[in-house]
Amino acid sequence: MTSDAGARTGSHNPRPPAAPGIFSAGYLWATIGSCALVFLSAFESLAVTTIMPLVSADLDGAALYAFAFAGPLATGVIGMVVAGNWSDRIGPIAPLLTSVALFIVGLIIAGLAPDMTVFLLGRLVQGLGSGAMNVALYVVVARIYPAALHARIFAGFAAAWVVPSLVGPFAAGVVAELTSWHWVFLGVVVLVLIAMLMVVPALRMLRGGEQPDLAARPAWAIGKIGWAVLAAAAVLGLNLSARLDGALVGVVAVAAVVIALVAVRPLLPTGTLRAERGLPSVILLRGLISAAFFGTEVYIPYLLTDRYDYSAALSGLALTGAALTWAGASWIQGRLDSTLSSVNAMRIGTVLVLLAILSAVATAAFELSPLVVIGGWLLGGGGMGLMYPRLSVMTLSYSTDRNQGFNSSALSISDSLGGALALASTGIVFAALVGLGGAWPFAGCFLLAAAISAATLGLGSRVGTGVRAVAASDGPHGS
């Protein structure tokens, strides 16, 4: 029809029909529902990081501060492996619904917790659900959207962080101060239920488009699920080792790290721990950069409230700034087209994150103005924004229909396990240095994170490009 019109008007170069976008009729509800789940996950993450100093003080849980973050990341590894295997078998619908239900249960337990033990139980259940939800969403993207739209939907995920970044930390602090921190968790339950109402049409669309080949279904990976449980148990043991005495701390800690690394090997692509080129380096970089960034970020509100007498709401603004630069950098890099390769995005991003962590080290060690760490953390958010969407797109570009679930879960496992090990390790460092007083416990944690960040500097050149590894290949709307 377009050609006929062009012939009648004498045009030799008729404009081709516009390609469908992620908000076109066929993808509208899938986009809204998926982004809504990312939104609530972002809100919860930023809110909990902001209010944890208050929770710790109220429940007398200072010794388990890091556990409250590392624990959910550890159980999340189990959820990721199960969801990835389950999604490869029957598609992501059942895993996504189950994961959201677990997430809600965890929020309710944490929100009603009368003591630190119950609170941590809720966080573990919450982590199990959120880990599975992340993997299921990745598979939803792979199954619903064509490859040309993958980068765009990941850009949408990044944009879904903007609103909670603006209001999440500050709102959580205000709610906790005016009412109770309990309502920060219970309030998110309402957001989850609203999000699920928007997800339902997307799941109906997915069910209609899926025609699973029963004969080609992968078997249940019982062995890999067992390895995931062992890895999670090792991380939890590493967290609890900080409560031991003397040299026993070091022995248990080293043993836990070794067990975690041995257990995680079958859950990742071959060669990941050796940083082989391509997908293995993509997965490894995701884990290390997450360990460095989040191992620092959870202590920044703690530093600001403990050493500089910031309120919970005001300390949350530091996280707001970083989240905004994260989203902004993600949006900008997707529009740089071929001028910024994935390799260069990784190189620039790792340097920015290292500089941000060093600003935290300097602030704590030399008692500098808190504006130094707040300003530095803006750089860190920008560095993460350059890297995260590209790493997600590269993972899918290296994947096929038969291993989308495994590779997506591997990316999330590396992300979570890296953060969990880092947080458990910083918890040990914090406990060891707390007797020195002052800001030395914070400086020690930040130094450890800086060392991890430095280890990522050479990985950018090993990620390769893959079939569609660069967001720029999708044109001006790439992630």
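**Core, helix packing and a buried threonine**

The largest nonpolar core of this structure, which is a predicted model, comprises 143 residues, and those with the most contacts inside it are L96, F119 and Y299. Helix α5, covering residues 116-144, gives the most to this core, contributing 13 residues.

**Surroundings of Y299**
- Once its neighbours within four places in sequence are left aside, Y299 is in contact with Y65 and A66, with L423, T426, G427 and F430, and with F442, C445 and F446.

**Packing of α4 and α5**
- Helix α4, which runs over residues 93-111, packs with α5 at an angle of about 155°, and their axes are 7 Å apart.
- Because angles over 145 degrees count as roughly antiparallel, α4 and α5 are roughly antiparallel to each other.
- The crossing in which α4 passes α5 is left-handed.

**Helix α14 and the residue after it**
- Helix α14, spanning residues 342-366, has 25 residues and should therefore span 36 Å at 1.5 Å a residue, which agrees with the 36 Å between its end C-alpha atoms.
- Just after α14, E367 takes a positive phi of about 50°.

**T320 in α13**
- T320 is found in helix α13, which covers residues 312-333.
- With a relative accessibility of 7%, T320 counts as buried, because the cut-off for that class is under 20% relative accessible area.
- Not counting residues up to four places away in sequence, T320 touches S165, L166 and P169.

Definitions and conventions:
Residues numbered from 1 in each chain as written. Predicted model: local features only at pLDDT ≥ 70, side-chain atom pairs only at ≥ 80, totals over all residues. Heavy atoms only, no water. Core = buried A, V, L, I, M, F, W, Y, C linked by side-chain atoms within 4.5 Å. Buried < 20%, exposed > 50% of the residue type's maximum accessible area, 1.4 Å probe, protein only. Helix = DSSP H or I, 4+ residues; strand = E, 2+ residues; numbered from the N terminus. Contact = heavy atoms within 4.5 Å. Expected span 1.5 Å × (residues − 1). Axes fitted to C-alpha atoms, helices over the stretch in contact; angles between N-to-C directions. Parallel < 35°, antiparallel > 145°, perpendicular 65-115°, else oblique. Left-handed = near helix turned anticlockwise from the far one by under 90°.
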